[in-house]
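Please read them with the structure open.

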Amino acid sequence: MASSERRAAPAPRPLGTSPSRRPSPGSASAVLVGCAVPAVVLTLLVTAGWAPLVGLDRSVADTLHATAVGAPGWTHVNRILTDWVWDPWTMRALLAVVAGVLVRRGAWPLAVWVAATALAGTALQQGLKAAVDRDRPVWPDPVDSAHYQAFPSGHALSVTVAGGLVLWLLWRHACRPAVRRAAVAVVAVSMAGVGFTRVLLGVHWLSDVVGGWLIGATVVAASVAAHGAYERRRRDGRDAGAGAGPGR
């Protein structure tokens, strides 16, 4: 017999309040070490002016710069990509939108965490630029220009931080596999694309770009590991509070 009563749909759970997945402490630490160690080694080699690295940078830069000078139309396309699509301010705007969505869905602590990670990445980038003080490539016939020091590439670091945080959030909340695969593809293409454009346009050395990738990945890995530790402490505190309830 049909019933006139309707069952109330369960209220949607705010995003970030009870994530479906959490990285294990071991996996987060392994990723952090795997990113941080090569980042530190590369930074030291760049600072020391290691000859084999300098020679590789020069060889790649000369080859790509010749390509850029000989193909002005292709160079213009890459300037649009680097100045608009993969610009650090575009990445910051993307993360601001992500943070806004998290706040709207009730996950404001996670939104603050995302914003703090982005700020930490920018601060580390600028600090390293000043500390390493590496000159950018200089050309008699430049096709583009850039400000500040060369290492690490701010474009490469910003794309890595933004992409890494978005992928973490999608994985954390168990989005559909097709969505995650598409996001991985977009992030991979963006990282490779921004690295290529910065060297092609003659404003960075190859090692600047690799450094930006590694340092950006280190920032994300450290943030994810720290957030996991924060959640474990909160969970342990709730469990301890429940165990010390009335009558105990």
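**Notes on the model**

1. Please keep in mind throughout that the model is predicted.

2. Where does Gly-195 lie? Its place is in helix α7, which covers residues 177-200. Gly-195 has a relative accessible area of 6%; because the cut-off for buried is under 20%, Gly-195 counts as buried.

3. On the fold as a whole, the chain contains eight helices and zero strands. Read from the N terminus, the order of elements is therefore simple to write, α-α-α-α-α-α-α-α.

4. How much of the chain is buried? Of its 248 residues, 40% are buried. The accessible surface of the chain is about 13,700 Å², and carbon and sulfur atoms account for 67% of that surface.

5. Contacts across the sequence deserve a comment too. Taking contacts between residues at least 6 apart in sequence, 80% of them join residues at least 24 apart.

6. The structure has one cavity of 30 Å³ or more. The largest cavity holds about 80 Å³ of space.

7. Which helices each supply at least two residues of the lining of the largest cavity? They are α4 (88-104), α5 (108-132) and α6 (154-172). The lining residues include Pro-88, Met-91, Arg-92 and Leu-95. Also in the lining are Ala-118, Gly-121 and Thr-122, along with Leu-157, Ser-158, Val-161 and Ala-162. Arg-92, Thr-122 and Ser-158 may be selected together with the other lining residues when the cavity is displayed.

8. On the surface, Val-33, Val-37 and Val-41 form a nonpolar patch. Together the three residues have about 240 Å² of accessible area.

9. Val-41 belongs to helix α1, residues 25-48. Is Val-41 buried, partly exposed or exposed? The relative accessible area of Val-41 is 43%; since partly exposed runs from the buried limit of 20% to the exposed limit of 50%, Val-41 is classed as partly exposed.

Note on methods. Residues are numbered from 1 along each chain as its sequence is written. This is a predicted model: local features need pLDDT of at least 70, side-chain atom pairs count only at pLDDT 80 or more; totals for chains, interfaces and linings use all residues. Side-chain values use heavy atoms; hydrogens and water are left out. Patches are made of residues with over 30% relative accessible area and no salt bridge: like charges are joined within 9 Å, nonpolar side chains (Val, Leu, Ile, Met, Phe, Trp, Tyr) within 5 Å. Accessible areas come from the Shrake-Rupley method with a 1.4 Å probe; for residues, only the protein chains shown count as cover. A salt bridge is a side-chain nitrogen of Lys or Arg within 4 Å of a carboxyl oxygen of Asp or Glu. Helices (H or I, at least four residues) and strands (E, at least two) are DSSP runs, numbered from the N terminus. Buried means under 20% relative accessible area, exposed over 50%, partly exposed in between (1.4 Å probe, protein chains only). On a 1 Å grid over the protein atoms alone, a cavity is a set of points where a 1.4 Å probe fits but cannot get out, and a pocket is an open set with protein on both sides within 12 Å along at least five of seven lines; lining residues have an atom within 4 Å of a point. Grid points are joined across faces, edges and corners, and a volume is the space filled by probe spheres set on the points. Contact means heavy atoms within 4.5 Å.
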